[in-house]
Amino acid sequence: MKFVAVRLVQLVVVLLAATFFTYSLTFITNSPDDVVNTLLQIEAGAPERRAAIEEDLNLSDPLLVRYGKWLGSALTGDLGRSYSTQEPVADRIQTRLPRTLALVLYAQILALGLAIPAGILAAWRADSWFDRGLSSSSIGMLAIPNYVLAVLLVYFFALRLGWFPSITASDLKVTDFKSFLLPAASLALGQVAVYMRLLRTDMIATLQEDYIGMAKAKGLTTRSILFRHALRPSSLSLVTTIGINAGAALGGTVIIETIFGMPGMGTMLVDAIFRRDILVVQGVVAVIAAGFVIINFLIDLLYAVLDPRIRSVRSAA
Amino acid sequence: MSDLLPEHREDRTVGLAETGGASPAADAPETTDDGRSKKRRLGVGFWLSAVWLVIVAALTMLAPYLGFVDKPGTFSIANPTAAGPSGAHWFGTNKNGDDLFSQVVYGGRVSLFIAFAVVILGFISGGLVGMIAGFFRGRIDRVISAIIDVLLAFPALVLALAMIAVFASDGSTVRPNMPVVIGALSILSVAPLARITRGITLAFSEREFVTAARTLGATNGRILRKEILPNVIPPMAVFSLTVIAVVIVAEGALAFLGLSVSAPASTWGKLINVGRPELENAPHITFFPAGVMFLTILALNYIGDVLQSKFTVREGAL
């Protein structure tokens, strides 16, 4: 339990640091006057709106107090409103966040769906042609940036073969698997390589254990030994890495969403940056940070569930 | 070596399917993956990677002095079309009739310059911070490590985007210049290099020669400079290769979003992005810069992997 509490504190610190960082950046480089001028420009509002905007952003308070107020309302779900569209930021995030989460989720499912069988097979037949081929091609997979892969996939599967749309609909549903497949695959390939290598290494170690020999002696089938006995104890570092990667994937969605014109958090962020819509940038970064923190916390819990030994070892440490 | 040949053929087909067969050299660095069995020798893949990097470095650095590389903006053709590769234009031309090979070379100049600048920044600042944390330990180490952890934990691209949004604003548009892009991307290099340096320093501070120097009355500063620094630099340099690859990719991502260095400067990422509208009719405009970028990252990663297994840094020390 202590371990969980420590992690929770750590993650909250990450969350605060990330949001404060983005929040203060705006005001370190621009005087409050500049900020208001920009927002007035975005709004195309009359000069009398100046006072209202200053009030909106609590510009009369010192930076820390202002950040505190922003955080306070953010915690109650109020992220301010967009100066370019006048919509509340939280409303736009609400329609877009599920798509980004779905993208990350599908990418992880795809990556694991390929990496787990491949990693197990590679470990089971270590040093076979299959194993060597996989580890060689994994170096190649890691060297393809996700956006390059996205462009290749669009070229072959959308433009040449016409199997999938190259641009997603503006009212994309999270269950529209056909539209999600190419973007998810673009994010997944690099992770397949990482997961596969990790699982292979851990699995080879597990397969040396006595209880695997015991299982063999009992006459269990290979499939049962690999998937039921060896997979779970071999999946610990895999699970941790999924947490870290899910965070990186959140970053990757920004560019993948842009390529596929997907109306998610990433396109919202880029759009807001171009419009200089400060509160939207802040809101999106805060939500991404929160998502990242929550994913990592859940992964940590899962970690303890997977291997009961972790609980006692970690709390003793 | 010879007993491995059949497997290599397998690797090749897999590699090509994966990359869309970007160019004949695509399979080159993949041909060996026997780092474990042959610790002593560097292998064919290593040397092929090294040759590729030398070619890329030479072309990009010497571009202004090479006759066969057109300077950006100076070329004009009577009848501009996007043509495929030919003897006169090795990578073909884009729809303005510009020679793509020259564009890739000049794009690489900017991409690689940014990557090196970012890594040097990370090398110096991350190295300094990491050495201080690893050498003095205690409270200062805890604070620095906590900051590094936060920086490592967060999706770096998102933070870089947020920084660019703020620092690169020019009136009502966003026009990032070189220093802003380098500064924003340095998030990617400072924290990892600081972390690895801290680990190495921690390990070396325990060694006998450091104790000996201290017994002889050397000051902390002297020990750091004369004893620790020379030992820390080689593994840091090796790790930097991987970081360079990461930065090239990240810069490409920014360029893709239109948030890297503004025109007229071009980078690999930008070239890939510029070709996208014509992907259907003239895919070579996108594929050549993408292939060159892929091979460069592959070569950097491969050499980094091989050298890293030579300077093994124990995970436990981190």
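The buried residues of helix 10 of chain A are covered by elements including helix 5, helix 8 (177-207) and helix 9 (210-217) of chain A. The model is predicted: local features need pLDDT of at least 70, side-chain atom pairs count only at pLDDT 80 or more, and totals for chains, interfaces and linings use all residues. Residues are numbered from 1 along each chain as its sequence is written, while chains are lettered from A and ligands numbered from 1 in the order in which they are written.

**Helix 10 of chain A**

Helices (H or I, at least four residues) and strands (E, at least two) are DSSP runs, numbered from the N terminus. Helix 10 spans residues 222-234 of chain A, and its buried residues are A:Ile225, A:Leu226, A:Ala230 and A:Ser234. These line one face of the helix, because they fall within an arc of 85° seen down the axis of helix 10 of chain A. The arc is that of the directions from the helix axis to the C-beta atoms. The face turned away from the buried side carries the exposed residues A:Arg223, A:Ser224, A:Arg228 and A:Arg232. A residue is buried if 20 or more other C-beta atoms lie within 10 Å of its own, exposed if 12 or fewer, and partly exposed in between; C-beta atoms are placed from the backbone.

**Confidence in chain A**

pLDDT is the predictor's confidence in each residue, from 0 to 100. Chain A averages 79, and 90% of the residues score at least 70.

| Element of chain A | Residues | Mean pLDDT |
|---|---|---|
| Helix 5 (highest) | 89-124 | 87 (pLDDT) |
| Helix 14 (lowest) | 308-316 | 52 (pLDDT) |

Over residues 313-317 of chain A, pLDDT stays under 50. Where pLDDT is low, the predicted coordinates should not be read in detail.

**Chain B**

Chain B has 11 helices and two strands. Of its 318 residues, 50% count as buried. Helix 3 (residues 100-136) and helix 7 (residues 187-205) of chain B pack at an angle of about 35°, with their axes 6 Å apart. Axes are lines fitted to C-alpha atoms, for helices over the stretch in contact, and angles run from 0 to 180 degrees between N-to-C directions.

**The interface**

Contact joins 45 residues of chain B to 46 residues of chain A. Two residues are in contact if their C-beta atoms, placed from the backbone, lie within 7 Å. Helix 5 of chain B gives the most to the side of chain B that touches chain A, with nine residues.
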